Amino acid sequence: MKVEPLERSFGAKIYDLSLPDLEQEQIRELYDLWLEYALLVFPNQNLTTDQQISFAKNFGALEFELSPISNVRNDGSIRDANDDDIVKSLRGNMEWHHDSTYMPIQAKGAVFTAHKVPSKGGETGWADMRAAYEGLNQSMKEKINDLSAFHSYEWSQKERFGHKDPKVSEFNSYGFDIDPKPLRPLVKVHAETGQKCLTIGRHIYKIPGMSDQEARNLAQELEEFACSNKEWVYHHSWQEGDAVIWDNRCLMHQASMWDLSEGRIMYHSRIEGDPISEAASNYL
Ligand SMILES: [Fe+2]
């Protein structure tokens, strides 16, 4: 396989490899590359859904096998850009986040594949929370080293984007009703690399010891610092057939807006977090 690092603090494109035909040695090599680069991009793989699920399982058990991330209904029609709960979830995904920080166990990673892409826009961005933590000044590191935040999907998605009653909503509100809200350190040590990383993003709800406004300001300040440095951020312009895998423990991600009258169809497989290292501190 050919490994072409992105000109960033993370990420690599991988060529000359067929993901459905991996041998054991290649799987081990890819796993090590994934830990090192945190994001691997595989152009032109054209995986079937079964091939995607099999590939994802090489990196751990799955939190869920496959979910469409799309504004296109099964019958091919385009969903309403404003009033549709599925589209509201897509809009939520346009804010920076780690997956499943609002669940008792944060996700380990994810596989994403592109099946239909709009004529422009709709990129996915990732940001390196290892580099961002390292880049903080000493006084900010000391300020946040012992702080934790409650994460809530009920707040970040349901309340902020105004979903319909779950009984009539088309959106499967997985994660809306988590009680208590998971509490996670702002600075986490990556279980496999030992690197410190920020765990921040849209799902942060409250920070014990701070007013809501102070908590929001701090979360915002950290996010802007982490996601505005061009060295630490990469936005991928999708081509149909692309596949990626990212490490959700040390990267945040976001979708980018596109003309919502055009269809975009992606498939997402979510890799389950380790029940100890990725557990919220109030669920241990
Ligand atoms: Fe996500």
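1. Confidence. The mean pLDDT of the chain is 97, and 100% of its residues reach 70 or more. The structure is a predicted model.

2. Overall form. The chain contains 7 helices and 15 strands. Its radius of gyration is 18 Å, close to the 19 Å given by the globule rule for 284 residues, so the chain is as compact as a globular protein of that length. Along the principal axes, the C-alpha atoms fill a box of roughly 50 × 45 × 35 Å. Of the 284 residues, 38% are buried. Among the contacts in the chain with a separation of 6 or more, 82% are between residues 24 or more positions apart.

3. Nonpolar core. The largest nonpolar core comprises 57 residues, and those with the most contacts inside it are Leu39, Leu40, Ala127, Met129 and Leu251. Helix H7 (residues 212–227) gives the most to this core, contributing 5 residues. In soluble globular proteins, nonpolar side chains tend to be buried together.

4. Ala127 and the pairing of S6 with S14. With neighbours within four places in sequence left aside, Ala127 is in contact with Trp96, Ala132, Ala226, Cys227, Trp232, Val233, Leu251 and Met252. Strand S6 (residues 124–128) is joined to S14 by 5 bridges, and the two strands run antiparallel. Within this pair, Gly125 stands opposite Gln254 in S14. Strand S14 (residues 251–255) is mostly covered, with 4 of its 5 residues buried.

5. Helix H6. Tyr153, Ser156, Gln157 and Lys158 are the buried residues of H6. Seen down the helix axis, the buried residues of H6 fall within an arc of 150°, so they line one face of the helix. An α-helix has 3.6 residues a turn, so residues three or four places apart point the same way. The buried residues of H6 pack against helix H3 (85–92). Gly162 follows H6 and has a positive phi, near 65°.

6. Helix H3. Asp85, Lys88 and Leu90 are buried in H3. The buried residues of H3 pack against strand S4 (62–70), H6 and S14. Strand S14 is also the antiparallel partner of S6.

7. Ala149. This residue belongs to strand S7 (residues 148–151). Ala149 has 26 C-beta neighbours inside 10 Å and therefore counts as buried, the threshold being 20 or more. Apart from neighbours within four places in sequence, Ala149 is in contact with Arg184, Leu186, Ile204, Lys206 and Ile207. Lys167 lies 18 residues from Ala149 along the chain, and the C-alpha atoms of the two are separated by 30 Å.

8. Cis peptide bond. The peptide bond from Asp179 to Pro180 is cis, with omega near -5°. Pro180 lies in the loop between H6 and strand S8 (183–185).

9. Two residues may be set side by side here. Asn44 has a positive phi, near 60°, and is a residue other than glycine; Asn44 is found in the loop between S3 and helix H2 (49–57). Ser100 is likewise not a glycine and has a positive phi of about 65°; its place is in the loop between H3 and strand S5 (109–116). Are these residues buried or exposed? Asn44 is exposed, with 10 other C-beta atoms within 10 Å, whereas Ser100 is buried, with 25 other C-beta atoms within 10 Å.

10. Strand S1 (residues 2–5) and strand S2 (residues 12–15) run antiparallel and are joined by 4 bridges. Glu4 has Lys13 in S2 as its bridge partner. The hairpin of S1 and S2 has 6 residues between the strands, and Gly11 takes a positive phi near 90° in this hairpin.

Technical notes
Residues are numbered from 1 along each chain as its sequence is written. This is a predicted model: local features need pLDDT of at least 70, side-chain atom pairs count only at pLDDT 80 or more; totals for chains, interfaces and linings use all residues. pLDDT is the predictor's confidence in each residue, from 0 to 100. A nonpolar core is a set of buried Ala, Val, Leu, Ile, Met, Phe, Trp, Tyr and Cys residues joined through C-beta atoms within 7 Å. A residue is buried if 20 or more other C-beta atoms lie within 10 Å of its own, exposed if 12 or fewer, and partly exposed in between; C-beta atoms are placed from the backbone. Two residues are in contact if their C-beta atoms, placed from the backbone, lie within 7 Å. Two strands pair if DSSP finds at least two bridges between them. The arc is that of the directions from the helix axis to the C-beta atoms. The radius of gyration is taken over C-alpha atoms; the globule rule is 2.2 Å times the number of residues to the power 0.38.
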